[in-house]
Amino acid sequence: MEFKKIVLSIFSIFLFVSVGFGQSSLELKKQRERLDKEIAELQKILSAKTQEKLLSQREVSALSKQLDLREDKISTINSELRIINNNIASNNKIVDKLKDELEKLRQDYEKMILFAFRNKNSYNKMMFIFASKDFNQAFKRVKYLQQFTDARKVKVSEIEGHKKQIELKLAQLQRDKQTQQALLKEQQSERNVIAKDKAAHSQQLSQIVKEERGFKGQLTKKQQEKRRLDAAIKSAIAREVEAARKAEEERRRRLAEAEAKKSGTTVAEAEKKIEKKTGSAVLNNSPEATKLSAGFSSNRGRLPWPVSQGNIVRNYGNVTVERGVRDFYDYIRIRTADNASVKSIFEGTVIRVINMGSSAVIVQHGEYLSVYSNLKSVSVRNGQKISTGTVIGTTDSDPDAGYSYVDLSVYRGQTHMNPSSWIAR
């Protein structure tokens, strides 16, 4: 009876360990499956390279993240292996105990068989019964012989039961060892991938740093070309504003002289009574210019695009160009089809056509000005009055960008404004 309690206790311990292992292992397997899914998703990013020979910064970041995930996966595998190894050790102990108990059962059974062999004939059994002192003793001896026979059957059943338990435990151990081998193989595979990816990561990161330096150099050159064009545009606008300012001063001086002769006061005193225009207002030097300014201002957010079809690929303001390079742009860049027609966004006068590699056209709308840069050809001339929608040229292509575009700027006097807030959305 005590032996049955021991076996039951051992079996309960094994069942508890097995349940605990099952729960922990299931959670770890789910975690490993989640990591596999994330690795697969990041692998798609790495596989999305098109014509570039080198990994982009985004791909390098994805590769770095993938390396971290693979390290996490190895960590998860190690946790699974620890649980499996503990389970194997526990099962081995249980199997050893069951084998010891089985050996004890066999020894007891051998003794029972040996005793039965010595008393196998009916004569010996009858002599054992008839040798009793009284009826009660004879009855007890009969019951003993019956119990002895039953005990032999029970022992046989217990031996068979222990054999089955040992077989089950050995089968579980075999499955655990197979799982262990599979995990070790997967772990080694992940380590091989990590070693390979780390080498590729280091090489590509080094190449990108080198490429970034070259890109920054090219960007600096382009920025210098753009700055020269911008300087020419701003210089032309500044000259226009300065000329308007001087014309305004001359107008006030003439009005002051006329008023002084009429009223008998000094020119200085008369000039103080005349309204003085400042800033961009000096460009409103005629009724026509004032009307244009009012019309341009009232159409804010409703002005037509300078091209029939296109999309903004560079916004106004502080922008990250590529790979950590930042710059400020006082224009918007609109991507177009090759040789697309560029049109004026409002009526006005062409005050300057600039040719510096590609061309730029400045159109004045009273105190407002619009500038169209990166033109391959120009179809207007200095001083020409144009209407809204007048074709002023065609877009030029950019071999580095791989497409054609036009840069649109809007100024109020010499102050640049965000063109996106002026054209229709």
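Student: Okay, is Asp 330 buried or exposed?
Tutor: Asp 330 counts as buried, at 5% relative accessibility. Buried means under 20% relative accessible area, exposed means over 50%, and partly exposed is in between (1.4 Å probe, protein chains only). Keep in mind that this is a predicted model: local features need pLDDT of at least 70, side-chain atom pairs count only at pLDDT 80 or more, and totals for chains, interfaces and linings use all residues. Residues are numbered from 1 along each chain as its sequence is written, and side-chain values use heavy atoms, with hydrogens and water left out.

Student: Which residue forms a salt bridge with Asp 330?
Tutor: Lys 234 does, with the closest N and O atoms 3.5 Å apart. A salt bridge here is a side-chain nitrogen of Lys or Arg within 4 Å of a carboxyl oxygen of Asp or Glu. Lys 234 lies in helix α4 (residues 135–263) and Asp 330 in the loop between β3 (325–329) and β4 (332–336), so the pair ties together parts that are 96 residues apart in sequence. Lys 234 itself is partly exposed, with a relative accessible area of 37%.

Student: What counts as a helix or a strand, by the way?
Tutor: They're DSSP runs, numbered from the N terminus: helices are H or I with at least four residues, strands are E with at least two. The protein has six helices and twelve strands.

Student: And how many salt bridges does the structure hold?
Tutor: Ten. One of them joins the side chains of Arg 412 and Glu 367, at 3.2 Å from N to O. That pair links distant parts of the chain, with Arg 412 in strand β11 (residues 403–412) and Glu 367 in the loop between β7 (358–365) and β8 (368–378), 45 residues apart. Glu 367 is buried at 8% relative accessibility, whereas Arg 412 is partly exposed at 38%.

Student: Switching to rings. How many aromatic pairs are there?
Tutor: A search of the whole structure finds seven. Rings of Phe, Tyr and Trp (its six-membered ring) pair if their centres lie within 6.5 Å; planes under 30 degrees apart count as stacked, over 60 as edge-to-face and the rest as tilted. Phe 296 and Tyr 368 have ring centres 5.0 Å apart and planes at 20°, so that pair is stacked. Both of these residues are buried.

Student: Which residues form one aromatic cluster?
Tutor: Phe 296, Phe 346, Tyr 368 and Trp 422.

Student: What sits over the ring of Tyr 405?
Tutor: The charged end of Arg 333, 3.9 Å from the ring centre. The rule is that NZ of Lys or CZ of Arg is within 6 Å of the ring centre and within 35 degrees of the ring normal. Tyr 405 is buried, with a relative accessible area of 8%.

Student: Last one: what's the mean pLDDT of the protein?
Tutor: It's 75, and 62% of the residues reach 70 or more. pLDDT is the predictor's confidence in each residue, from 0 to 100. Over residues 1–23 the pLDDT is below 50.

Student: Why should I care about low values?
Tutor: Where pLDDT is low, the predicted coordinates should not be read in detail.

Technical notes. Contact means heavy atoms within 4.5 Å.
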